[in-house]
Amino acid sequence: MKWLKVDPDKCVGCGTCMETCSTTWFKENNPALSRIQVTKKDEDHYDLNACNQCGTCIDMCPVGALARDGNGIIRMDEKKCVGCLMCVGFCPTKSFFYHAAKRPEPFKCIACGLCVKKCPVEALEIVTE
């Protein structure tokens with residue numbers, strides 16, 4: 001299985017990962033459109049939230065729009081998705097996101113690795129288990 005591993009101890013909160021993600025997938029620099037979210041935890045620490053590919057959402061989807069690909073990444077069939085947001089509500093890590101004004105379907109990290117390449121402090125890596 002392939003997934004994006006985050007190291008919050010290395011994160012400096014620069015937002016490069018969110019910028020890379022939102023501009024890649026939505027063609028605009030908007031942190032709310034990023035599939036990885038970075039939030040300030042305290043003075044010197046940040047929380048990084050990206051899908052760990054646990055699969056809980058697959059069982060919650062009432063229309064079968066979610067499935068694992070050959071790399072273990074959970075993908076959404078947008079043609080099947082009805083926008084019920086069950087995946088968002090039942091995600092145990094709160095890593096499924098939704099932005100009604102920009103996209104009718106929810107979205108999550110698919111471990112594409114673009115943010116990993118851009119992170120200046122190597123707080124992200126793609127792991128295959």
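Which residues lie nearest the centre of the largest cavity? In this predicted model, they are Cys21, Trp25, Cys109, Cys112 and Cys115. These belong to a lining of 15 residues. The space inside the largest cavity is about 110 Å³. In total, four cavities reach 30 Å³ or more.

Two elements, H1 and H4, each give two or more residues to the lining of the largest cavity. H1 provides the largest share, with four residues. By class, the lining of this cavity holds 11 nonpolar residues, three polar residues and one charged residue.

The overall fold was examined next. The chain contains four helices and six strands. Along the sequence, these follow the pattern β-α-β-β-α-β-β-α-α-β. The radius of gyration is 14 Å, close to the 14 Å that the globule rule gives for 129 residues, so the chain is as compact as a globular protein of that length. The C-alpha trace spans about 40 × 35 × 25 Å along its principal axes. Of the 129 residues in the chain, 40% are buried.

The lining consists of Arg35, Leu66, Ile74, Arg75, Met76, Glu78, Phe96, Arg103, Pro106, Phe107, Lys108 and Ile110. Strand S5, residues 74-76, gives the most to this lining, with three residues. Seven of the lining residues are nonpolar and five are charged. No polar residue takes part in the lining of the largest pocket.

One is Arg35, which is part of the pocket lining. Arg35 also lies over the face of Trp25, at 4.3 Å from the ring centre. Trp25, in turn, is among the residues nearest the centre of the largest cavity.

Aromatic contacts were then considered. A pair of aromatic rings is described by the distance of the centres and the angle of the planes. Phe26 and Phe107 form an edge-to-face pair, with 5.1 Å from centre to centre and 65° between the planes. Phe26 lies in helix H1 (residues 16-26), while Phe107 lies in the loop between helix H3 (86-90) and helix H4 (114-118), so this pair ties together parts that are 81 residues apart in sequence. Phe26 and Phe107 are both buried.

The pair of Phe97 and Phe107 has ring centres 6.3 Å apart and planes at 50°, so it is tilted rather than edge-to-face, a term kept for angles over 60 degrees. Phe97 and Phe107 both lie in the loop between H3 and H4, so their pair ties together parts that are 10 residues apart in sequence. Both of these residues are buried. Through ring pairs, Phe26, Phe97 and Phe107 are linked into a cluster.

Lys27 has a positive phi of about 60°, although it is not a glycine. Lys27 sits in the loop between H1 and strand S2 (37-42). The relative accessible area of Lys27 is 67%, so this residue is exposed. Ala111 also has a positive phi, of about 50°, and is not a glycine either. Ala111 is located in the loop between H3 and H4. In contrast to the exposed Lys27, Ala111 is buried, with a relative accessible area of 2%.

Cys17 and Gln53 are 36 residues apart in sequence. In space, Cys17 and Gln53 are 18 Å apart, C-alpha to C-alpha.

Terms used: Residues numbered from 1 in each chain as written. Predicted model: local features only at pLDDT ≥ 70, side-chain atom pairs only at ≥ 80, totals over all residues. Heavy atoms only, no water. 1 Å grid on protein atoms, 1.4 Å probe; cavity = no way out; pocket = protein on both sides within 12 Å on 5 of 7 lines; lining within 4 Å. Nonpolar A, V, L, I, M, F, W, Y, C, P; charged D, E, K, R; others polar. Phe/Tyr/Trp six-rings, centres within 6.5 Å; stacked < 30°, edge-to-face > 60°. Buried < 20%, exposed > 50% of the residue type's maximum accessible area, 1.4 Å probe, protein only. Lys NZ or Arg CZ within 6 Å of the ring centre and 35° of its normal. Rg over C-alpha atoms; globule rule 2.2 N^0.38 Å. Points joined across faces, edges and corners; volume = space filled by probe spheres on them.
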